[in-house]
Each structure stands twice: as C-alpha cells, then as structure tokens.
Amino acid sequence: MKEILINVWFLMLALVVLLLKAAAWLVLGPIILCVRLYEMIRYEAQRLRHPPPSGGVFGAMARDLKERKREMKS
C-alpha cells in the first residue's frame, strides 16, 4: 500500500510539473516567436540597406588582392 501511495504522489507531482511547463510554453512561446521574427526582419532590413559586395565576400577579397598586386608592380 505504501508503494502505491508513493507512486501516486510522484505521478501527481510529475503531472503538476508538466502542467507548469505547458503553461510556461504557452506564455513564453509567442514571445520567443515574436523575438525571432523581429531578428529576421531586422536582418533582412540590414541586408537591404547595406547589400553584400558583388561576387560575395570572396569576390571582394579577390578584387582587393588584385589591386594590391597592381600597386606593388607600379
């Protein structure tokens, strides 16, 4: 009988913990999603305002190296 009561007590405790976690996700879930959406919108706006160089980062590095080589030859 004592084992059954202990098991029931821990099952009820686990149920309470799961309900608290579910409630926390219901409250924090939309907040987290809004923050992520804000970060994505901010990143896209930044990319539109300052677009990456043509040819990507490596294209810009290659142009820079070519310019340095030309300057050294001159």
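In which helix is R68 found? R68 is found in helix α2, which covers residues 56-73, where helices (H or I, at least four residues) and strands (E, at least two) are DSSP runs numbered from the N terminus. The model is a predicted one, in which local features need pLDDT of at least 70 and side-chain atom pairs count only at pLDDT 80 or more, while totals for chains, interfaces and linings use all residues. Residues are numbered from 1 along each chain as its sequence is written, and side-chain values use heavy atoms, with hydrogens and water left out.

The overall form comes next. The protein has 2 helices and 0 strands. Its radius of gyration is 29 Å, well over the 11 Å that the globule rule gives for 74 residues, so the protein is more spread out than a compact globule; the radius is taken over C-alpha atoms, and the rule is 2.2 Å times the number of residues to the power 0.38. Taken along the principal axes, the C-alpha atoms fill a box of roughly 95 × 25 × 15 Å. Buried residues make up 3% of the 74 residues, with buried meaning under 20% relative accessible area, exposed over 50%, and partly exposed in between (1.4 Å probe, protein chains only). The protein exposes about 7500 Å², of which carbon and sulfur atoms supply 72%; accessible areas come from the Shrake-Rupley method with a 1.4 Å probe, and for residues only the protein chains shown count as cover.

Helix α1 spans residues 2-49 and contains W9, a partly exposed residue with a relative accessible area of 48%. W9 also belongs to a nonpolar surface patch that it forms with I4, I6, V8, F10, M12, L13 and V17, with about 740 Å² of accessible area together. Such patches are made of residues with over 30% relative accessible area and no salt bridge, like charges being joined within 9 Å and nonpolar side chains (Val, Leu, Ile, Met, Phe, Trp, Tyr) within 5 Å. L37 lies in helix α1 as well and is partly exposed, with a relative accessible area of 47%. The C-alpha atoms of L37 and R49, 12 residues apart along the chain, are separated by 18 Å.

Between α1 and α2 there is a loop, and H50 lies in it. At 52% relative accessibility, H50 counts as exposed. H50 and W25 are 25 residues apart in sequence, and their C-alpha atoms are 36 Å apart in space.

A salt bridge here is a side-chain nitrogen of Lys or Arg within 4 Å of a carboxyl oxygen of Asp or Glu, and a search of the whole structure finds 1 of them. R68 and D64 are 4 residues apart in helix α2 and are therefore separated by about one helical turn. Both partners are partly exposed, R68 with a relative accessible area of 47% and D64 with one of 35%. R68 and R42 are 26 residues apart in sequence and 35 Å apart in space, C-alpha to C-alpha.
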